[in-house]
Amino acid sequence: MGKKVVVTPKYWMPKGEAKCVGGGQRPLLVWQGIVGEEALVDVLHKGQNQVFARWMRSQKPSPHRVEPPCEKVGACGGCPWMHMDAEGQRAGHEAVVRDAFQQERLDVDIGAYHASPVDADYRHVVKVGFGWSDRGRLRMGAWGRRNRELVAIPKCPVASPVLRKVMNSLAHHAIELQIHPYDAENHRGVLRSAVLRASRSTGEVLVTLVAAKRTRFLTELAEAVAQGCSEVVGVWLHINSGPGNAIFLRDDEGVVGAVRLAGKETIEDELNGVTYRVGPGDFFQTHPQMAEVLYRRTLDRLKLTQDDTLLDLYAGVGGMALAGAQRAGFALGVEAVDGAVQRARESARANRSNAEFMQGLVLEVLPELTQRFAGVGPKIVVDPARRGLEEGVREAIVSLKPSRLAYVACSARSLARDVAPLVQAGWRLQPLELFAMFPHTPHAEVLAILDPPEAPETTRRAPKRKLVR
């Protein structure tokens, strides 16, 4: 559109834009703007409900403004706050959290903020897509900020070095084998995307290819990548022929089906002295260094002792349960995905851990646990997906009569929505802690600790493990 205006943003948007409001106009979202910084912006697009613009220059730049160290920052959009220093990002994270709680009419205290020890090479998971370049050649890269056009990121500064190496090898061999990217509109082609996970502890990499159908060329690609990069120890294939842009096609229980093309099934990573096994499609923290801090602080604030029972809901491959079993008398993890439960059990055996794992949807398992943990007063940790707790889960947690609840959230809005009814019912919300799990983005992990209105009466100690791991 080309219209230039001077604005001063006042709020942060969840995706990282700085937002301007007032005068009865539609909100204006400024890419690479900074809240409180007056700037000249270029209006790019007027949508039905919002106007989009990009920052051009400021006569008095914010003291937190820096030159982004990546030339792809505008096109890629994966690091929308790369134009701010660490202090600016901290202020942004705190503002996003406060705004989320204010929308629920809750005033919160923000306690400790845990900055990332590194702002480069921190990502140990990378997701890339496949498509056609302008010259008709296969292209692999990140999905663009405003559209689905792919942006090549061979030198991505936030990806770990080993993942950059594997990305380049994967793109090279896919082009060499002339494997066609999937065209969803015409239902042609094969390759859709790939998920690469690296172990910080071992340097090993697990690759999951996502394709619309299986062909022999994918096996050749898997073998070529595994032979070309010694760090690649396993390549798996997930078939997703469905519509939409979701990478994985999950079944009703959230399972990501995959078949092995080359190498082994899992890699191992270590956090705080606990070894975890991670397979294709499993959730595991993207930033292991910050995950160690998050796990330690969560368990510290739960104040676990050998007399306590820890219940880890949405346990994944065993995250909090395995870590908490080192402190509590007994730990139980609940996870819907069967493969993740199997790997959590394997990790429990390998770590000689006093942790048990149950497979099932949290809401379906909790009634059984209400009977099993009657009179125990367990300490509970929940770490749900971005959407937060499913309907009914909060009430089921209350019925367990926990002595303390830890809620780890990647979405401040979901967290605020879920804890607001507890606070209204008399639960005491302690100061929040924030963790810079995703440097250069508006996303921070938030730890909330809640105590019940009355301490539950405990009549017995933690139950013993009753299932075979």
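**Figure 1. Strand β24 in the predicted model is mostly covered.** The strand spans residues 445–451, and seven of its seven residues are buried. Glu 445, Leu 447, Ile 449 and Asp 451 point to one side of β24, while Val 446, Ala 448 and Leu 450 point the other way. Both sets of side chains are buried, including those of the charged residues Glu 445 and Asp 451.

**Figure 2. Strands β21, β22 and β23 as partners of β24.** β21 pairs with β24 in the antiparallel sense, over five bridges. In that pairing, Leu 405 stands opposite Leu 450 of β24. Strand β22, residues 428–429, is joined to β24 by two bridges and runs antiparallel to β24. Leu 450 of β24 also has Leu 429 opposite. Strand β23, residues 432–435, runs antiparallel to β24 as well and is joined to β24 by three bridges. Here Phe 435 stands opposite Glu 445 of β24.

**Figure 3. The largest cavity, with about 60 Å³ of space.** A search of the whole structure finds two cavities of 30 Å³ or more. Leu 389, Arg 394, Ile 397, Val 398 and Leu 405 are among the residues that line the largest cavity, and the lining also includes Tyr 407, Asp 418, Val 419, Leu 422 and Trp 427. By class, eight of the lining residues are nonpolar, none is polar and two are charged. Helix α9 (393–399), strand β21 (404–409) and helix α10 (412–424) each supply at least two residues of this lining. Leu 405, a lining residue, is the residue that stands opposite Leu 450 in β24.

**Figure 4. The second largest cavity, with about 50 Å³ of space.** The lining consists of Glu 17, Leu 29, Trp 31, Leu 44, Phe 52, Ala 53, Arg 54, Arg 145 and Arg 146. β6 gives the most, with three residues. The lining divides into five nonpolar, no polar and four charged residues.

**Figure 5. An open sheet of seven strands with mixed pairing.** The strand order is β10-β9-β8-β11-β12-β13-β14. β10 (150–151) and β14 (259–263) are the edge strands, each pairing on one side only. Within the sheet, β8 (residues 125–132) and β9 (residues 138–143) pair in the antiparallel sense over four bridges. Phe 130 has Met 140 of β9 as its bridge partner.

**Figure 6. Helix α3 across the sheet.** The helix covers residues 161–176 and lies across β8, β9, β11 (191–198), β12 (205–211) and β13 (232–239). Relative to β11, α3 runs at about 155 degrees.

**Figure 7. Gln 32 and Asn 272, residues other than glycine with positive phi.** Gln 32 has a phi near 65 degrees and is found in the loop between β4 and β5 (39–46). Its relative accessible area is 16%, so Gln 32 counts as buried, the cut-off being under 20%. Asn 272 has a phi near 55 degrees and is found in the loop between β15 (267–271) and β16 (274–278). With a relative accessibility of 26%, Asn 272 counts as partly exposed.

Key
Residues numbered from 1 in each chain as written. Predicted model: local features only at pLDDT ≥ 70, side-chain atom pairs only at ≥ 80, totals over all residues. Heavy atoms only, no water. Pairing = 2+ DSSP bridges. Contact = heavy atoms within 4.5 Å. Axes fitted to C-alpha atoms, helices over the stretch in contact; angles between N-to-C directions. 1 Å grid on protein atoms, 1.4 Å probe; cavity = no way out; pocket = protein on both sides within 12 Å on 5 of 7 lines; lining within 4 Å. Points joined across faces, edges and corners; volume = space filled by probe spheres on them. Buried < 20%, exposed > 50% of the residue type's maximum accessible area, 1.4 Å probe, protein only.
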